Amino acid sequence: MSSMSIRFLSSPLPRQKSSASLSRTKVYAATSPTAAPPPPGVEEADVARLEPRVEERDGYWVLKEKFRQGINPQEKVKIEKEPMKLFMENGIEELAKMSMEDVDKAKDTKEDIDVRLKWLGLFHRRKHQYGRFMMRLKLPNGVTTSAQTRYLASVIRKYGKDGCADVTTRQNWQIRGVVLPDVPEILKGLAEVGSTSLQSGMDNVRNPVGNPLAGIDPDEIVDTRPYTNLLSQFITGNFHGNPAITNLPRKWNVCVIGSHDLYEHPHINDLAYMPATKNGQFGFNLLVGGFFSPKRCEEAIPLDAWVSADDVIPVCKAVLEAYRDLGTRGNRQRTRMMWLIDELGIEGFRSEVEKRMPHQKLERASPEDLVHKQWERRDYLGVYPQKQEGFSFVGLHIPVGRVQADDMDELARLADKYGSGELRLTVEQNIVIPNVENSRIETLLNEPLLKNRFSPSPPLLMKGLVACTGNQFCGQAIIETKARALKVTEEVERLVSVTRPVRMHWTGCPNSCGQVQVADIGFMGCMTRDENGKTCEGVNVFLGGRIGSDSHLGDVYKKGVPCKDVVPLVVDILVKHFGAVLREREEAED
């Protein structure tokens, strides 16, 4: 479906009042005739600070010479050679013909494979898998087809033990084991099945996240798929590349909320579209600035802005251009969009977004928020009725998101045989098979894959288990995560009984790809010392993260716990904070 053919439907009546916008007033820019003037006592922004730091040259956006002092190494790499030329001018074809030995001989080509290829979604695993790459796709709303899944299976199968795939915390696929000579052919194969890996790494917009139950959820507010598809088409230039937004100061995340459950985690996105009506018209209030980093984590805050459904792309473009033009490019730990919001103040930032809108007009937020604040988040693992009569969806637990080629082929087969040839990926690294006729549910549940590998009804502690890649493949990870997360959880399950799911997230390093701050219990990899003073792998333990309308980022509970001591600590936390009962005590009482 082309972007022009998507029709936006009107919404139900308004429900609840949105939260008041936060006050982050620092620097103002009274440059738009419609922008609110700064309050008394607050100076207008220095005009020089609001000069765009980038300019267009030969179709690409480049940092101006006057702003190049003190920039970080990644910015220098971008200046030396435009990364998008590897795709848009077929530079990848020549690069793929070179041996890794020849690539490493020259600074230019070495930076191509270690940095610039990330604009094509390719991440060289120099530290742990020299010469092999992880490839990250663009999969808006987490929706994928059986044909796409089979194709990915065929790619990773030929890499043997080095080939596998992961469901990510942004409803996406990452495949592993890719070698450079195969890249041009893989890119063509992805295009043939309607997919791409373009602009999925480094200083680009990441996968647009939406409701995994979009279009089938009986209680959904709005089907998010048209919006996430439009966002992806805009971001990637319909798979041809969009260089207007590929030179951001840092990565940038976006989501569209479609359910009261907030499956999409709006509070940790740079831009979140929150459904709201205004004067009888459906649209979205906007949250901005949510992010994780090693030095700082922040929840998104209200922009005090509402856009109609027709302005989803224009406002995304305006926010990205404001960030691209004005964001700082020095210390990488201080270049996410919230740092710019802090510097300009929320009103100053809003003004910069407003003057980049098509008519330099941005309406204030609507009080008619459609998301129910008092809503118990629903489970999607298991069998649940769809809004389409006679059909159900089946949510499968994929342990820490890891799948092999045979698993992918089998998932594709099940999607074709029992559903509509479609799979949905979730931010908790699980998979949903939609559109299953109720008469076929029992047969599907008896399939060996569901009986032996990907259960619709996993144990309570396994249900909410999430883990990043870890140091098996990732050079930044300090510890191994996926196998360890499974082993620790299995051991804890043998020791305690819980009456409700407890979300446990593991991340191998402070970059927090495993999103430990949103977990009930989070584990962040670190090096520490054991009882004998010997250096060993450990974790910093987080506690108290919440998702949903009362979202809250968790706090550090205990630092530097040796990995061998994690099980008894988790048992203690579960008993003290989550009502768990020791199994020996439970058995004695029985």
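**Exercise 1. What is the volume of the second largest pocket, and which residues are closest to its centre?**

The second largest pocket has a volume of about 750 Å³. Of its 26 lining residues, Arg377, Arg378, Pro501, Arg503 and Ile547 are the closest to the centre. The model is predicted, so local features need pLDDT of at least 70 and side-chain atom pairs count only at pLDDT 80 or more, while totals for chains, interfaces and linings use all residues. Residues are numbered from 1 along each chain as its sequence is written, and side-chain values use heavy atoms, with hydrogens and water left out.

On a 1 Å grid over the protein atoms alone, a pocket is an open set of points with protein on both sides within 12 Å along at least five of seven lines, a cavity is a set where a 1.4 Å probe fits but cannot get out, and lining residues have an atom within 4 Å of a point.

**Exercise 2. How does the lining of the second largest pocket divide into nonpolar, polar and charged residues?**

Start with the classes: Asp, Glu, Lys and Arg count as charged, Ala, Val, Leu, Ile, Met, Phe, Trp, Tyr, Cys and Pro as nonpolar, and the others, Gly among them, as polar. The lining then divides into five nonpolar, eight polar and 13 charged residues.

**Exercise 3. Which residues line the largest cavity?**

First, the whole structure holds three cavities of 30 Å³ or more. Next, the largest cavity has about 40 Å³ of space. Its lining is made up of Thr169, Arg170, Val209, Glu264, His265, Ile268, Asn269, Val427 and Gln515.

**Exercise 4. How many disulfides does the whole structure have?**

A disulfide is a pair of cysteine sulfur atoms within 2.5 Å. The search finds zero. For Cys509, the nearest cysteine sulfur belongs to Cys474, 6.0 Å away. For Cys513, the nearest is that of Cys509, at 6.1 Å.

Now turn to accessibility, where buried means under 20% relative accessible area, exposed over 50%, and partly exposed in between (1.4 Å probe, protein chains only). Cys509 counts as buried because its relative accessibility is 9%. Cys513, at 47%, counts as partly exposed.

**Exercise 5. Where on α16 do the buried residues lie?**

List them first: Lys482, Ala485, Val488, Thr489, Val492 and Glu493 are the buried residues of α16.

Note on methods:
Helices (H or I, at least four residues) and strands (E, at least two) are DSSP runs, numbered from the N terminus. Grid points are joined across faces, edges and corners, and a volume is the space filled by probe spheres set on the points.
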